[in-house]
Amino acid sequence: MKVLIATDKPFAKIAVDGIRKEIEAAGYELALLEKYGEKAKLLEAVAGADALIIRSDVIDAEVLDAAKQLKIVVRAGAGYDNVDLQAATAHGVCVMNTPGQNSNAVAELAFGLMIMAARNQYNGTSGTELKGKKLGIHAYGNVGRNVARIAKGFGMDILAYDAFPAAVESMRADGITPVGSAEELYGQCDIVSLHIPATPETKGSIGRELVGRMPKGGMLINTARKEVIDEESLLALLAERADLRYMTDIMPVRDAEFREVAAGRYFSTPKKMGAQTAEANINAGIAAAKQIVGFLKDGCERFRVNK
Ligand code: 3PG
């Protein structure tokens, strides 16, 4: 059995070593394809793979067609919007994610971006503090909960909204104030941290309509996905309201325009960095390796995300 790690954005070496240990202990072979850049290289590498460990790498029908022996893909991470689940099911391939394994890393980066914005991107002028500010957590899953935990240390006033009503119980258990709608969350909070997945329902859902409700000096932090943003209406809003700030870990398609329209109030990492820590790489990578071994040896389908 051959397990391929195909990561255009590589894991830390220590994580690859840990994955190798798990895979080889199970008697399987590990192959590594990093920074492949072009899809052609991915198509070539997947040809002999029985199992695949990926990150944000796009696994579509073409990749699945080329991976004739493939039985399982594990997205080492949370969001699996980069995998065509229907095509995987049609190809008889099981798809899993590794929920929770990289959430602390993403949550910590949300605060890195918050402080950077609050301190005017370290330009030497007087900024503000996070203490006492109203933080709105938009979606209360694994990352949202970690954001809440850290925000308590900063002394923030924490509110949250999640489209799934069941999340209210977790909010209450964590001592967070649940609000009844996204509109209310944006309307009340000085800072909103986005943790919604990219789904057909959420794509393009964050723009003027919601962000425009934020109080003066409002700050939107995006460590979720670029696809959830309505870039056109957010750009227009930032042009109109010179008080608003947008910090994102996922470079928008219209990055150049954001830089121009909101200079000093906008920042984007050059590459998504939220989960890019040794700890998150180790946790998610080793979880992925264990899930593959459990699936191939015992048929364990825990964390399967396709039908
Ligand atoms: C996730 O969905 O797990 C995060 O967005 C991290 O993605 P990455 O593995 O591509 O950094």
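How far is an oxygen atom of the ligand from an N or O atom in the side chain of K272? Select both and you'll find 2.7 Å.

Before we move on, a bit of housekeeping. You're looking at a predicted model, where local features need pLDDT of at least 70, side-chain atom pairs count only at pLDDT 80 or more, and totals for chains, interfaces and linings use all residues. Residues are numbered from 1 along each chain as its sequence is written, and side-chain values use heavy atoms, with hydrogens and water left out.

**Stop 1: around the ligand**

Stay with the ligand and show what surrounds it: K9, R55, S56, R75, G77, A78, G79, N102, R225, K272 and A275 (each has a heavy atom within 4 Å of it). Zoom in on S56, where an N or O atom of the side chain is 2.3 Å from a ligand oxygen. Then try A78: here a backbone N or O atom lies 2.6 Å from an oxygen atom of the ligand.

**Stop 2: the sheet**

Now switch to cartoon view and look for five strands in an open sheet, ordered β2-β1-β3-β4-β5 with parallel pairing. Strands here are DSSP E runs of at least two residues, helices are H or I runs of at least four, and both are numbered from the N terminus; two strands pair if DSSP finds at least two bridges between them. At the edges sit β2 (29–34) and β5 (94–97), each pairing on one side only. Select β1 (residues 2–7) and β3 (residues 51–54): four bridges join them. V3 stands opposite A51 in β3.

**Stop 3: D50**

Next, pick D50, in the loop between α2 (39–46) and β3. Is D50 buried or exposed? It counts as buried because its relative accessibility is 7% (buried is under 20%, exposed over 50%, partly exposed in between, with a 1.4 Å probe and protein chains only). The D50 side chain reaches the backbone nitrogen of K2 at 2.8 Å. Another polar contact, of 2.7 Å, joins the side chains of D50 and K71; the term means a pair of N or O atoms within 3.5 Å, and within protein one must be able to donate a hydrogen and the other to accept it, while residues adjacent in sequence count only if both atoms are side-chain atoms.

**Stop 4: helix α6**

Finally, select 142–154, the 13 residues of α6. Its buried residues are V143, G144, N146, V147, A148, I150 and A151. Show α5 (103–118), β6 (134–138) and β7 (157–161) too, as they are among what covers those buried residues. Just after α6, G155 takes a positive phi of about 75 degrees.

Key: The expected span of a helix is 1.5 Å times one less than its number of residues. Contact means heavy atoms within 4.5 Å.
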